[in-house]
Amino acid sequence: MNGAAHTVTERRRRHTLYFLEWAAAQRPVHLDTDVDMTRIQEHRAAARSRGVRFSVVSYLLYAAGRALDRHPQANAVMAARRTGILRPPRIVRFPSVTAKLALDRPVGGERAVLSALVPDLERAGLREIQQQVDRYRGEQAAELPEFKGVKMLGRLPAALGRAAFAAALRDPGKRPGVFGTVSVSSLGHSAVDGFHSAGGTAVTLCAGRIAERAVVRDDRIVAAPVMRLGLTFDHRVIDGGTAADLLTDLHHTMEAFDDGSRAEIPGPDPRGADRDIGARRGLEQGTR
């Protein structure tokens, strides 16, 4: 592109920039695993044959709600530090799981990231979750009433916008209704195998594409649909062992998915790619 460089005053993405400034206090650590999506793909195909569509992210939300309910120490947030070095750190744990689902949607003619809340995931059924996801899928999602605050931040002067953003997050007890308790993002529609991001919650889940990959079943190498699942955790809130237990739980919950029945009880799918005994023992210890 020819011509002189020019400066643009950013408005559509101001909420993202304010968030990144606020989230700089996090201490992110990244984990990932490969999930054999055979059962989920079979379930999706069976549903499509009945005229019902389920998106991959809905299965991830379903599994995340169940897994975090079994690992409540990860369904938490670091409370803002109060003035004074004698005040101890505080962590707020939540009784219910609310996902902050990242959406790539046009806002005023430009692409931007919107965050939609999907509450009560620990007990929501797959159909209920899909209905909520469908509500945010349309090109006009930015016009929904829950995104009025995002557009307002773009109109406010920068100083007021930053102050309004900080005020909304000041009370950690109200965080689920503002920011959720777990962040979920997917780039599975693209050629991205895996990625990591820190969504401002104690745990952020990142799903890549599903691709045919080599796995071992019954001592034979076969092709299976595999998805890379990334988990970023805030080291201020939980430690690596807890995060690893949670990711292992998610891994097995998704691989063992069976229309809401077997998915309630985590355990390795004998057809899956992961047969590590140590991982199984870690899952058992983490869910007792």
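# Ring pairs and salt bridges

Biologist: Which is R137: buried, exposed or partly exposed?
Modeller: This is a predicted model. Buried needs under 20% relative accessible area, and exposed needs over 50%. R137 has 31% relative accessibility, so R137 counts as partly exposed.

Biologist: Which residue meets R137 in a salt bridge?
Modeller: The N to O distance is 2.4 Å. A salt bridge needs these atoms within 4 Å. The side chain that meets R137 is D134.

Biologist: How many residues apart are D193 and R209?
Modeller: Their side chains form a salt bridge, 2.7 Å from N to O. D193 sits in the loop between β6 (182–186) and β7 (203–217), while R209 is in strand β7. The bridge therefore links distant parts of the chain, and the separation is 16 residues.

Biologist: What is the relative accessible area of R123, which bridges to E122?
Modeller: The closest N and O atoms of R123 and E122 are 3.1 Å apart. E122 counts as buried, at 15% relative accessibility. R123 is exposed. Its relative accessible area is 58%.

Biologist: Which residue is linked with E122 and R123 in a network of salt bridges?
Modeller: A search of the whole structure gives nine salt bridges. One of them joins R123 to E122. The network also takes in D120.

Biologist: Now the rings. How many aromatic pairs does the structure hold, and what kind is F54 with Y59?
Modeller: There are three aromatic pairs. The F54 and Y59 centres lie 6.0 Å apart, with the planes at 80°. Over 60 degrees counts as edge-to-face. F54 and Y59 are therefore edge-to-face.

Biologist: How far apart in sequence are the parts that Y62 and F257 tie together?
Modeller: These two rings are edge-to-face, 5.7 Å centre to centre and 85° between the planes. Y62 lies in helix α3 (residues 56–70), and F257 lies in the loop between α8 (240–255) and α9 (277–287). The pair therefore ties together parts whose separation in sequence is 195 residues.

Biologist: Which is Y62: buried or exposed?
Modeller: Buried needs under 20% relative accessible area. Y62 has 4%.

Biologist: Which residue lies over the face of Y62?
Modeller: Y62 belongs to a cluster that ring pairs build with F54, Y59 and F257. The residue over its face is 3.8 Å from the ring centre. That residue is R66.

Key
Residues are numbered from 1 along each chain as its sequence is written. This is a predicted model: local features need pLDDT of at least 70, side-chain atom pairs count only at pLDDT 80 or more; totals for chains, interfaces and linings use all residues. Side-chain values use heavy atoms; hydrogens and water are left out. Rings of Phe, Tyr and Trp (its six-membered ring) pair if their centres lie within 6.5 Å; planes under 30 degrees apart count as stacked, over 60 as edge-to-face and the rest as tilted. Helices (H or I, at least four residues) and strands (E, at least two) are DSSP runs, numbered from the N terminus. Buried means under 20% relative accessible area, exposed over 50%, partly exposed in between (1.4 Å probe, protein chains only). A charge sits over a ring if NZ of Lys or CZ of Arg is within 6 Å of the ring centre and within 35 degrees of the ring normal.
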